[in-house]
Structures are given as C-alpha cells and as structure tokens.
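Subject: The structure we talked about

Dear colleague,

Here is the structure I promised to pass on to you, and below it you will find my notes on what turned up when I went through it. Please read them with the structure open beside you.

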2 protein chains.
Amino acid sequence: MHLLLLSNSTMPGAEYLSWPRQYIADFLQVNKEALFVPYAAVTFGYNEYTTMVQQAFLPLGIKITGLHMVVDKHAALKNAGTIIVGGGNTFALLSRLQEEDLLAAIRQKVLAGTPYIGWSAGANLACPTIKTTNDMPITEPAAFDALNLIAFQINPHYTSQSIAGHGGESRQQRLREFLAMNPEMPVIGLPEGMLLQRTDKRWLLQGNGSEPAVWLQAGKEPRTLTSGVVDLPL
Amino acid sequence: MHLLLLSNSTMPGAEYLSWPRQYIADFLQVNKEALFVPYAAVTFGYNEYTTMVQQAFLPLGIKITGLHMVVDKHAALKNAGTIIVGGGNTFALLSRLQEEDLLAAIRQKVLAGTPYIGWSAGANLACPTIKTTNDMPITEPAAFDALNLIAFQINPHYTSQSIAGHGGESRQQRLREFLAMNPEMPVIGLPEGMLLQRTDKRWLLQGNGSEPAVWLQAGKEPRTLTSGVVDLPL
C-alpha cells in the first residue's frame, strides 16, 4: 500500500499546499494523473476547490481531475493513477461518499496498490473510523466507519496547546476520552507540518511540526515519535 | 417550559459550578430534589461525577440523585422534581440515553413543565440535534437527534479566539460550515460564563462572558446579544 497522510494542507500564512510539495513530488514520481475528491468542501464549491488543488499540483507536473466532474465515478476510480482526498469537514466528506456508495471502491483500489494522498479530513478518511476528527458534526453520516486502510487512528492538526483562559476540553483531553471509550485503538497525534508515509514495508514520519508527533495508547504513557522510520502497525 | 442552559460548569481556576450557583438557586427556588444524568462522563465514573455535583448543590439545599443509581429509570424520570444533565462528551451522553431509551421520557417530562438544567453537553442535548457540539465523536450515536426542546442550536464554550500559529478551523469557521449545511437552523454562540434561561414567555441571557454571546443565521451578519431579555424563538 502507498499512503501519504498529511496533518494539514497549509501552514498559517504560507502558500496553499506548499509545505508538503516536495514530499508529494517524491511520492508521485511515476503517477502523474490523479483523481481529486473535493467532498469535504462546505463553504466553497467543488470547482473552486479543485482549481486550487490543480494549481498547487501544476508545478509538479501532476494533472488533477475533480471526481465531481466525472459522469461514471466508479469507472473513474477504477482507472485512477492516484487518489487524492482533500481536507474540509470530515462528516460532510464521509456522508457524500456514503451517499454515492464510493467508499468500498476507493478502499479496494488503494489496497490493490494505487497511491492515496489525504490531508486533514482526507487523512482521517484513511483510518478505521472518523472518531478522531476535530471537525464539527454538521451533518450525520450513515456510520462513522471510514476507509479502514490503516490499523490506528490519526488526529490531524494535533496540538498540545489550548486557548488561554478557555475552559473547554484540550485536544489531549479529547483524545484521552477517545482512548477511554476505544481502548483497543491507538492514535497518532500528527501536528501541522507533518505527514505519515506508508510503503509496503514501513511507516515513515516526515515534516517539521512545531512539536513532535505523539503515539497514544490506552493505559500507556504517550510516546513521542522522532521523524524517520517509525515502528507503527502495518 | 423552564430551561437553564449553561455554556459551561466552571471558569478556569474557579471552584466547580461556582459561577452559575446563584442563577441555579434562583431557578430552583421551589424544586429541591433533582435527578442528575452523569452519562457524559468518559474518563471518570458516574459515582464520582454525581458526588461532585451533589457537593456543589449542597449549599443550595438541593438534593441530587444520580440516574445511574436508580433501578427503574423511567419511574425516576416521571417523579423527578428537576432534571439536570451534566457536561462531558456529547456523543457519549446521547448514545447512552439512546441505549436506555430515555430521550422521549426526558423530553415529555420537560415539555410538561419540569425544570431542566444542562451545561455544555447537557445544553447541547436540549437542542434539535447535537450538530453544534465541540466534542470529538468518540462513539457513534444511533442518530444526532437530541431532545429538541428549543428551536435553535447552542454552541457551548463559544469563543472567537483560536490558538496562535495553528491552522485548524476556528470556532467561527466551524459554525459557518454548520450554517452552510443547515441554512434553516440558527445558532447561538454562548461564551463560557453565560447561560440562557427560558420561562414560558421569554428567553433571558445571563452571566458574564469574556466576550458577548452571538446569534448566527445563514445569509445574515452575526448579531451580538446583550444580557437580559433576548428576542430568540420560543
């Protein structure tokens, strides 16, 4: 399996999709055509979203087609060189893929070897479920089950910071609640500016976060992860 | 209907449930026995949660019984003088009430005039759905439909602040996404330290937030609300 799972698209103030550009270029050396899933967009349109991504991928020589533009979506998925799932709202993304019955097709295609790139909601979609998303549940999916391509959950945009003077749960408290309710399922907290790359034989942690990634398991102390090859379940 | 819907239980650094104490005392002048629903607790037990709330309500002369301790829960709800629903994780709270088939009983009881107090997740529970919770979806409810006691959504712990240098969606962005997906449903952003009190004839906004409460409707500018009687749908 070939997965590139990014915490986020863009660092605050930086150009869109600029921090992961070189990682994406290296990941897609062979595959220069990609199908883009813009379904996480809520406050802007699929066309606008696809155009943004097309422009960001243009310098890499990668041609992007928006899944929403395609008449036969199952055929397009079957023929896709790469599948890219952008961020936005995870509940909207999952609901729309369920409505069009596309989850199984994406899963099978990626299991068969097609590269998958997802950022933020698109990284959550690769997990067993969407239960570690940060997003507001603005729409109700038929179920929380996601692509189940990996054996753990990702918390994208992970941060140990919280808003000064604000009493709402911190991210760490929210993830402790997840582990209490789902003790069998580990979570990686992936700070902005970091990604996980999976090849058939290993997981690689890359990028420069403002803090380290952290591996969380019920009943164990959090484990800080160092960039490079990481010992995560395959 | 008699509702007291609080953004939060406790200001950072303050004693548990201290800021709303006088409002609760005024609200419960007559009813001195209350049934407490501790089901939003995830990382601590129902007994522990109930004890905390019992101690906080003791100075008010209010006797608290934990719903989890009761054998016949439907009978206990039927006889309750007041129903109190505490904060924690909204998805856990809703799921457990669905599993025990208690939502309709609470709704009918409150519609019939029994006072309802809810903070954070307990305030979200009073809404049409839980779609404006800030909580992580750590467990999957059968549906997002909640008690539907009021005609709008509450966003508890509302803040216009975000974490410096963090690119994840701000609360305001998340609520804009809610409105885009649910244009028929208004939302009140209720900052910590504030509450909404409903009597049969009016809504009253009370407390001292670090910023004003805000009324959000699709296609309209946000409207800042001043404490006192507020013109919200009854």
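In chain B of this model, which is a predicted one, E100(B) and K73(B) form a salt bridge in which the closest N and O atoms are 3.2 Å apart. E100(B) sits in the loop between α4 (90-99) and α5 (103-111) of chain B, while K73(B) belongs to helix α3 (residues 73-79) of chain B, so the pair ties together parts that are 27 residues apart in sequence.

Within chain A, the side chains of R174(A) and E169(A) meet in a salt bridge with an N to O distance of 3.9 Å, and R174(A) is buried, with a relative accessible area of 12%. In chain B, R174(B) and E169(B) are likewise joined by a salt bridge, at 3.8 Å from N to O; R174(B) counts as buried at 11% relative accessibility, and E169(B) counts as buried at 19%. Salt bridges with shared partners link D135(A), E169(B) and R174(B) into one network.

How many salt bridges does the rule find across the interface of chain A and chain B? There are 2 of them, including the one in which the side chains of R174(A) and D135(B) meet at 3.3 Å, N to O. The rule also finds 18 residue pairs in polar contact across this interface. On the side of chain A that touches chain B, the elements giving two or more residues are α4 (90-99), β6 (153-158) and α7 (171-181) of chain A, and α7(A) supplies the largest share, with 8 residues. By class, that side has 17 nonpolar, 17 polar and 10 charged residues. The area buried between the two chains is about 3500 Å², and carbon and sulfur atoms give 64% of it.

Finally, a rotation of 180° with 0.0 Å of shift along its axis superposes chain A on chain B, with an RMSD of 0.0 Å, which is the relation of a two-fold axis. The same surface serves both copies, since 100% of the contact residues of chain A recur in chain B. Of the residues of chain A, I163(A) comes closest to the rotation axis, its C-alpha lying at 2.7 Å.

With best wishes

Definitions and conventions: Residues numbered from 1 in each chain as written. Chains lettered and ligands numbered in written order. Predicted model: local features only at pLDDT ≥ 70, side-chain atom pairs only at ≥ 80, totals over all residues. Heavy atoms only, no water. Buried area = accessible area lost by both parts, 1.4 Å probe. Salt bridge = Lys/Arg side-chain N within 4 Å of Asp/Glu carboxyl O. Polar contact = N/O pair within 3.5 Å; in protein donor to acceptor, adjacent residues only side chain to side chain. Helix = DSSP H or I, 4+ residues; strand = E, 2+ residues; numbered from the N terminus. Nonpolar A, V, L, I, M, F, W, Y, C, P; charged D, E, K, R; others polar. Least-squares fit on C-alpha atoms with pLDDT ≥ 70 in both. Contact = heavy atoms within 4.5 Å. Buried < 20%, exposed > 50% of the residue type's maximum accessible area, 1.4 Å probe, protein only.
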